[in-house]
Amino acid sequence: MQIKNIFILLLIFFLTACVTQPSPKILVSLSDNQTLDFTGKGAAAGIMLDSVMGGAGIAIGIAIDKGIAKDIAKNLSNHIPLFNIVDNIDQQLKTAITKNHLKYLPNLQIAIEHYGFKTFSSGEDAASAWLEVNLTIDEQKINMRYPENFDHIDSANLVSVKENPEVAYRLLNSAVQQVVNNIIVIVKK
């Protein structure tokens, strides 16, 4: 009988210890920029128009990029499930933590500076996802930029990104996966 009581008491202490162990804080948030961005065609046009029109040329270039970003965002709003950059990073990070059986996690803050799409010069009308995040891991600050800091870059034709929500979603999701994988590598060190 006493062995049973001792076992129950030890079990209660064990469960209490598990519950009271401090859990790391993981915070994912958007910085000042709250909307999907695009940079590419307008930036190039703005530079060319600057020599002819001055500051108005640059403004036209910015307006072109904002228009493309609006088109992509509107198209992406038709995707099911609805794309939310904060939720996507948070969910993929939790999945990666579980998959990698990470027991100790430092406090982690992820500030999303920019997300959206960029064109790049490959001779085609190609676009890739664009994701810039500032990480704070305990006291260490790290900046990650997709596609700039990554070897494998998924891309698609800009027209398909603008018109097909599946393509836009896939590219953003792939960028998030690659950034999260790098975060896990850093956390494991």
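## Close-up views of a predicted model

**Figure 1. Helix α6, end to end.** Helix α6 holds 24 residues and spans 34 Å between its first and last C-alpha atoms, close to the 34 Å expected at 1.5 Å a residue. Look at the start of α6 to find asparagine 164, where a side-chain oxygen comes to within 2.9 Å of the backbone nitrogen of glutamate 166.

**Figure 2. The whole chain, for orientation.** The protein contains six helices and six strands, and from the N terminus they follow the order α-β-β-α-α-α-β-β-β-β-α-α. Of its 189 residues, 39% count as buried.

**Figure 3. The largest nonpolar core.** In soluble globular proteins, nonpolar side chains tend to be buried together. Here the largest such core has 46 residues, and Phe117 and Leu131 are the ones with the most contacts inside it. Two or more residues each come from α3 (55-76), α4 (85-99), β3 (108-119), β4 (126-137), β5 (140-146), α5 (158-163) and α6 (165-188). The helix of Figure 1, α6, gives the most, with 12 residues. Centre the view on phenylalanine 117 and, beyond the residues up to four places away in sequence, you will find it touching Leu36, Asp37, Phe38, Thr39, Ile72, Ser128, Ala129, Trp130, Val161, Ala168, Leu171 and Leu172.

**Figure 4. Strand β3 and its partners.** Which strands pair with β3 in the parallel sense, and which runs antiparallel to it? Strand β1 (residues 26-30) is joined to β3 in parallel by five bridges, with leucine 27 standing opposite glutamine 109. Strand β2 (residues 37-39) also pairs with β3 in the parallel sense, over three bridges; there, aspartate 37 has glycine 116 as its bridge partner. Strand β4 is the antiparallel partner, joined to β3 by 11 bridges.

**Figure 5. Asparagine 88, a buried polar residue in α4.** Asparagine 88 sits in helix α4, and it counts as buried because its relative accessibility is 9%, below the 20% cut-off. Its side chain makes a polar contact of 2.7 Å with the side chain of glutamine 92. Setting aside neighbours within four places in sequence, asparagine 88 is in contact with Phe83, Tyr169, Asn173 and Val176. With valine 176 the sequence separation is 88 residues, yet the two C-alpha atoms are 7.4 Å apart.

Figure 6. Serine 31 belongs to the loop between β1 and β2, and at 16% relative accessibility it counts as buried. The serine 31 side chain makes a polar contact with that of glutamate 113, at 2.8 Å. Apart from residues up to four places away in sequence, serine 31 touches Ala111, Ile112 and Glu113. Glutamate 132, in strand β4, is also buried, with a relative accessible area of 8%. What does the side chain of glutamate 132 join in a polar contact? The partner is the side chain of tryptophan 130, at 2.8 Å. Leaving out neighbours within four places in sequence, glutamate 132 is in contact with Ala111, Ile112, Glu113, His114, Met144 and Arg145.

**Figure 7. Backbone torsions worth a second look.** Most residues other than glycine have a negative phi, and most peptide bonds are trans.

Note on methods:
Residues numbered from 1 in each chain as written. Predicted model: local features only at pLDDT ≥ 70, side-chain atom pairs only at ≥ 80, totals over all residues. Heavy atoms only, no water. Core = buried A, V, L, I, M, F, W, Y, C linked by side-chain atoms within 4.5 Å. Buried < 20%, exposed > 50% of the residue type's maximum accessible area, 1.4 Å probe, protein only. Helix = DSSP H or I, 4+ residues; strand = E, 2+ residues; numbered from the N terminus. Contact = heavy atoms within 4.5 Å. Polar contact = N/O pair within 3.5 Å; in protein donor to acceptor, adjacent residues only side chain to side chain. Expected span 1.5 Å × (residues − 1). Pairing = 2+ DSSP bridges.
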